[in-house]
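Student: I would like to go through this model and ask what stands behind the words used for it.

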Amino acid sequence: MACALLHVFTMARELFCDHCERALTSKAYRVISEDPGGILLDMLVCHPCNQKAQELGLKTREIDLDERYLKRG
């Protein structure tokens, strides 16, 4: 039961921007910042937050949420 609740919470969490908490649509963006020691930032964000990240010079890439959930099984 607890595992099922955790899974529901995780899926619901991923439907919102990790930065501003706006609801995500079918498209989301992953913002990544790395250095030689490892990953410093790895966030799933909405379009406006993606634009801000690009203005700051961070690496971003588009993610199709439908494909992401299908791969989880």
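Tutor: Start with the contacts: among those between residues at least 6 apart in sequence, 57% join residues at least 24 apart. Keep in mind that this is a predicted model.

Student: What makes two residues count as being in contact?

Tutor: Their heavy atoms must lie within 4.5 Å.

Student: Which elements does the protein have, and how do they run from the N terminus on?

Tutor: There are 3 helices and 3 strands. Their order along the protein is α-β-β-α-β-α.

Student: What is the order of the strands in the sheet?

Tutor: The order is E2-E1-E3, in an open sheet with antiparallel pairing. Strands E2 (38-45) and E3 (59-64) are the edge strands, since each of them pairs on one side only. On average, neighbouring strands of this sheet are turned by 25 degrees against each other, direction ignored.

Student: How do you know that E1 is paired with E2?

Tutor: The cut-off for pairing is at least two bridges between the strands. Strand E1 (residues 27-35) is joined to E2 by 7 bridges, and the two run antiparallel, so the pair meets the cut-off. Two of the bridges can be named: Val 31 has Met 43 in E2 as its partner, and Glu 34 has Ile 39 in E2. A hairpin joins E1 to E2 through 2 residues.

Student: What makes E1 and E3 a pair?

Tutor: The reasoning is the same cut-off of at least two bridges. E1 and E3 pair over 6 bridges in the antiparallel sense, and therefore they qualify.

Student: Why is Asn 50 called buried?

Tutor: Buried means under 20% relative accessible area. Asn 50 has 4% relative accessibility, so it counts as buried. Asn 50 lies in helix H2, and its side chain makes a polar contact with the side chain of Thr 60 at 3.1 Å.

Student: What makes that pair a polar contact?

Tutor: The N or O atoms must be within 3.5 Å, with one able to donate a hydrogen and the other to accept it. Leaving aside neighbours within four places in sequence, Asn 50 is in contact with Tyr 29, Val 45 and Thr 60.

Student: How do you know that the buried residues of H2 line one face of the helix?

Tutor: In helix H2 (residues 47-55), the buried residues are Cys 49, Asn 50 and Ala 53. Seen down the axis of H2, they fall within an arc of 105 degrees, so they line one face. These buried residues pack against E1, E2 and E3. The face turned away from the buried side carries the exposed residues Lys 52 and Glu 55. Just after H2, Gly 57 takes a positive phi of about 85 degrees.

Student: Why is Ser 33 called buried?

Tutor: The relative accessible area of Ser 33 is 19%, and the cut-off is under 20%, so the residue counts as buried. Ser 33 is found in strand E1. Beyond its neighbours within four places in sequence, Ser 33 is in contact with Ile 39, Leu 40, Leu 41 and Leu 58.

Student: Is Ile 63 buried or exposed?

Tutor: Ile 63 has a relative accessible area of 8% and is therefore buried. The residue has its place in strand E3. The C-alpha atoms of Ile 63 and Arg 30 are separated by 6.8 Å, and these residues are 33 apart along the chain.

Student: Why is Glu 21 called exposed?

Tutor: Exposed means over 50%. Glu 21 has 62% relative accessibility, so it counts as exposed. Glu 21 is found in the loop between helix H1 (2-13) and E1.

Student: What is the phi of Glu 21?

Tutor: Glu 21 has a positive phi of about 70 degrees although it is not a glycine. Most residues other than glycine have a negative phi.

Student: What share of the residues of the protein counts as buried?

Tutor: Of its 73 residues, 25% count as buried. The accessible surface comes to about 5,400 Å², and 59% of that belongs to carbon and sulfur atoms.

Key: Residues numbered from 1 in each chain as written. Predicted model: local features only at pLDDT ≥ 70, side-chain atom pairs only at ≥ 80, totals over all residues. Heavy atoms only, no water. Helix = DSSP H or I, 4+ residues; strand = E, 2+ residues; numbered from the N terminus. Axes fitted to C-alpha atoms, helices over the stretch in contact; angles between N-to-C directions. Buried < 20%, exposed > 50% of the residue type's maximum accessible area, 1.4 Å probe, protein only. Areas by Shrake-Rupley, 256 points an atom, 1.4 Å probe, with all protein chains shown as cover. Arc of directions from axis to C-beta.
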